[in-house]
Amino acid sequence: MNKNVTQIEINYGFKEEKLVLKREIGLIPAIMLVVGNTVGTGIFTTSGFIIKELRDPVALLFLWLLGGLIAFFGALSYAELGRLFPRAGGEYVFLKETFGEIFGFLAGWISLIVGFSAPIAATAIAFSKYFLELFSIQTSELISKLLAVSVILLLSLVHTQRIKIGANFQTGITLFKVFFLFTFIFFGFIYAKEGMTNFEIGSLVPKKEALLSLSFPVSLIYVMYAYSGWNAATYIGEEIKNPQKNIPLALLLGILVIATLYLGTNYLYVKVLSFEEMAGVVELGAKTAEKVFGKELSFIFTAGITLGLLSVLSGMILAGPRVYYAMARDGVFFKVFSKIHPEKKTPIFSILLQALIAIFMVLTSTFEALLLYIGFTLSLCASLTVLGLMKLKKKFIFSAFAFILVNLWMIIFTIVTKPLTLLAGMLTILAGLTLYYFKFNQKLKTKGGKA
């Protein structure tokens, strides 16, 4: 038997299943998926909202450093889970194995609505804003949203093709983005004029009032949104070669690249832009490029940022459908989403479902509302996933405990200061529970499966 064909028909009892996902992705494409799925919307958009809340550039930098450390702790736990369960689905598989089927279903449901569709919508909106800024196009909100819808449809079409085509596209566009960002940071500091800096190098201590404010943990939600995606390799575990080795390496090496880029880019922002120029602004990268390089050269850098956002969209559109595919294959989602194209070997109906939900969100939501909704709900799901590792290992794991503790801190303060975010997250979970009990739970009972 071909070693590159995953044994899901044996693992899951579907021996008659002919169409399976193949192990065709090596370490470099897996790292590029992690980086590409993470670096993008958050780094180019969220710092304006954070600085508006904290009013301290040093606290802003501290937040991005803290976010990298939290993501690294999470990656250590996900690396172990990915090594133990190298299958498609990410949190769906992990929670199913550690806490049972209903938790797995909820994780998959959250992945569908919050983990991928909502970030795809937010990223498409950001892409549209940067694209229109790039060409100085003044247009209506409707036209901007239609542009966002178009790019979702286009990239979804790309990822209906064979996984190698999608992975190669993802690798290429992500390598470009990483090279571009390092270039942006390097030349940004070289060409930044004297007197642009907002604070002295010797004053790199966050203000106490910023650290102790209610806004600090809520702002961390924005940062963790920007880091969300560091677990991308676990969603395509069935398509990664040598998964026991390559999944952990992809997660940990990916986080190191991401954290380096995030700190460098944010340091450039606060060096170049004033509080007034940053506060509440979405297109921070474009504003920084224009101030440092002038309108002529800034076009090149804004174009690079705009293309970089395509990498994020591409990474999420590639990874997400593998979750819904895995759920449908296990009988806890609609069967049609387990279908794989006979020639292209991609979960084509799952890709279409994700695209439609993301398009609905583009047309009905605002960018800032999506950021808080995504960050809050994913923090809850990731914390439970890491707790599952501690349950499985039956021992105290410092990195897992620290990850859970910080996420709970963010969640509690978000509930206190942004109660509508809690309501949106709870309604999403309630909708998932309702669907499970009235559709899939009954279906499993009639088959003699566990409730």
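Predicted model: local features only at pLDDT ≥ 70, side-chain atom pairs only at ≥ 80, totals over all residues.
T234 is located in the loop that runs between helix 11 (215-227) and helix 12 (243-272). Which residues are in contact with T234, leaving aside its neighbours within four places in sequence? They are Y78, R87, G89, G90, F94, I247 and L251. The side chain of T234 also reaches the backbone oxygen of N231, at 2.7 Å.

The side chain of E97 makes a polar contact with the side chain of R87, at 2.5 Å. E97 belongs to helix 6, which covers residues 91-99. Not counting residues up to four places away in sequence, E97 touches F85 and R87. For a sense of distance, E97 and L63 are 34 residues apart in sequence, and their C-alpha atoms are 33 Å apart in space.

Attention now turns to the charged pairs. Side chains of opposite charge can pair when their charged atoms come close. In this model the count of salt bridges comes to 7. One of them joins the side chains of R83 and E80, with a distance of 2.8 Å from N to O. Both R83 and E80 sit in helix 5 (residues 57-84), where they are 3 residues apart, about one turn of the helix. R83 is partly exposed, at a relative accessible area of 32%.

E80 has a further partner: E80 forms a salt bridge with K393, and the closest N and O atoms are 2.9 Å apart. E80 lies in helix 5 and K393 in helix 17 (residues 367-393), so this pair ties together parts that are 313 residues apart in sequence. K393 is partly exposed, with a relative accessible area of 33%.

Another salt bridge connects E277 and K291, whose closest N and O atoms are 2.9 Å apart. This pair links distant parts of the chain, with E277 in helix 13 (residues 275-278) and K291 in helix 14 (residues 284-319), 14 residues apart. How accessible are the two partners, E277 and K291? E277 counts as partly exposed at 32% relative accessibility, and K291 is partly exposed with a relative accessible area of 31%.

Apart from residues up to four places away in sequence, F349 touches V336, F337 and K339. F349 and G294 are 55 residues apart along the chain, and 46 Å separates their C-alpha atoms.

These details belong to a chain with 19 helices and 0 strands. The radius of gyration is 21 Å, close to the 22 Å that the globule rule gives for 451 residues, so the chain is as compact as a globular protein of that length. Along the principal axes, the C-alpha atoms fill a box of roughly 70 × 45 × 40 Å. Of the 451 residues, 59% count as buried. Among contacts with a separation of 6 or more, 81% are accounted for by residues 24 or more positions apart. The chain exposes about 18,100 Å², and carbon and sulfur atoms supply 67% of this area.

The mean pLDDT of the chain is 82, and 90% of the residues reach 70 or more. Which elements of the chain have the lowest and the highest mean pLDDT? The lowest mean, 36, belongs to helix 1 (residues 8-11), and the highest, 93, to helix 16 (residues 348-364). Over residues 1-18 the pLDDT is below 50, and beyond near neighbours in sequence this stretch has 25 contacts in the model.

Technical notes
Residues numbered from 1 in each chain as written. Heavy atoms only, no water. Helix = DSSP H or I, 4+ residues; strand = E, 2+ residues; numbered from the N terminus. Contact = heavy atoms within 4.5 Å. Polar contact = N/O pair within 3.5 Å; in protein donor to acceptor, adjacent residues only side chain to side chain. Salt bridge = Lys/Arg side-chain N within 4 Å of Asp/Glu carboxyl O. Buried < 20%, exposed > 50% of the residue type's maximum accessible area, 1.4 Å probe, protein only. Rg over C-alpha atoms; globule rule 2.2 N^0.38 Å. Areas by Shrake-Rupley, 256 points an atom, 1.4 Å probe, with all protein chains shown as cover. pLDDT = per-residue confidence, 0-100.
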